[in-house]
Amino acid sequence: MRTKAELATAVLRYLTIIDATESADTDDSNFIIEAYENKWAEIRAHGPELTYWKRDDIPPAVFLIMRDLVALEVRSAFGQPINASEKEAEEMIILKRLRRHTSVKSSGLPVRAVYY
C-alpha cells in the first residue's frame, strides 16, 4: 500500500514542481493530501465500489490513477491552469481508468480487487 505523502510527492513530480532529488514542501504536500481526501470522498459519494480502499492506504494498482486525478485537481494552484471543459474531459478519461480497474461481473455487481 502507498501513503498519502507518497501520493503528494508523486503529484508534485508529475507536475514538475519538484525533481527526483527534491522532497516535497510541507505546505504543498498538505494541500495535495487535502485535495486527495476531498476527491476520494467525492468519488465515494457517487459509488463506494470505486473507492474500495481505506483513504490512508492507496493500493498500488490505483496509485497512478489517483496521482493523475489529484494532479488534474491541483494543477491550477501550481501555475498550470486548464479550462473547465478540458478538465472535465480529462477527469472522465481518468475515472474511466478507475472504473475499468474495478470491473464488474456479468451480474453487474462490482468485483473487489484482492492483493496477495
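**Group meeting: helix packing and salt bridges**

Okay, let's start with T16, which sits in the loop between α1 (4-14) and α2 (26-46). When I say helix, I mean a DSSP run of H or I with at least four residues, and strands would be E runs of at least two, numbered from the N terminus. Before I go on: this is a predicted model, where local features need pLDDT of at least 70, side-chain atom pairs count only at pLDDT 80 or more, and totals for chains, interfaces and linings use all residues. Residues are numbered from 1 along each chain as its sequence is written, and side-chain values use heavy atoms, with hydrogens and water left out.

Back to T16. Its phi is near 55 degrees, a positive value in a residue other than glycine. Is T16 buried or exposed? T16 is exposed, because its relative accessibility is 64%. The cut-offs here: buried is under 20% relative accessible area, exposed is over 50%, and partly exposed is in between, with a 1.4 Å probe and protein chains only.

Now the helices. The axes of α1 and α2 come within 9 Å and cross at roughly 105 degrees. Those axes are lines fitted to C-alpha atoms, for helices over the stretch in contact, and angles run from 0 to 180 degrees between N-to-C directions. So α1 and α2 are roughly perpendicular to each other; on this scale, under 35 degrees is roughly parallel, over 145 roughly antiparallel, 65 to 115 roughly perpendicular and the rest oblique. On the α1 side you have K4, A5, L7, A8, V11 and L12, and they meet D28, S29, I32, I33, Y36 and E37 of α2. Contact means heavy atoms within 4.5 Å. That contact of α1 with α2 splits into eight nonpolar, one polar and three charged residues. For the classes, Ala, Val, Leu, Ile, Met, Phe, Trp, Tyr, Cys and Pro are nonpolar, Asp, Glu, Lys and Arg are charged, and the others, Gly among them, are polar.

Next pair: the axes of α2 and α3 come within 10 Å and cross at roughly 110 degrees. That makes α2 roughly perpendicular to α3 as well. From α2, the contact uses F31, I32, A35, Y36, K39 and I43, and from α3 it uses M66, L69, V70, E73 and V74. Here the residues divide into nine nonpolar, no polar and two charged.

On to charges. Side chains of opposite charge can pair when their charged atoms come close. How many salt bridges are there? The count comes to nine, taking a salt bridge as a side-chain nitrogen of Lys or Arg within 4 Å of a carboxyl oxygen of Asp or Glu.

D56 and K4 meet in a salt bridge at 2.9 Å, N to O. D56 is in the loop between α2 and α3 (60-74) while K4 is in helix α1, so this pair ties together parts 52 residues apart in sequence. D56 is partly exposed at 44%, whereas K4 is buried at 16% relative accessibility.

Then E6 with R2, closest N and O atoms 3.4 Å apart. E6 is partly exposed at 33%, and R2 is partly exposed at 30%.

Finally, K39 pairs with E42, with the closest N and O atoms 3.3 Å apart. Both lie in helix α2, three residues apart, about one turn of the helix. K39 is buried, at 4% relative accessibility, while E42 is partly exposed at 36%. And there's a network: salt bridges that share partners join K39, E42, E73, K87 and E91.
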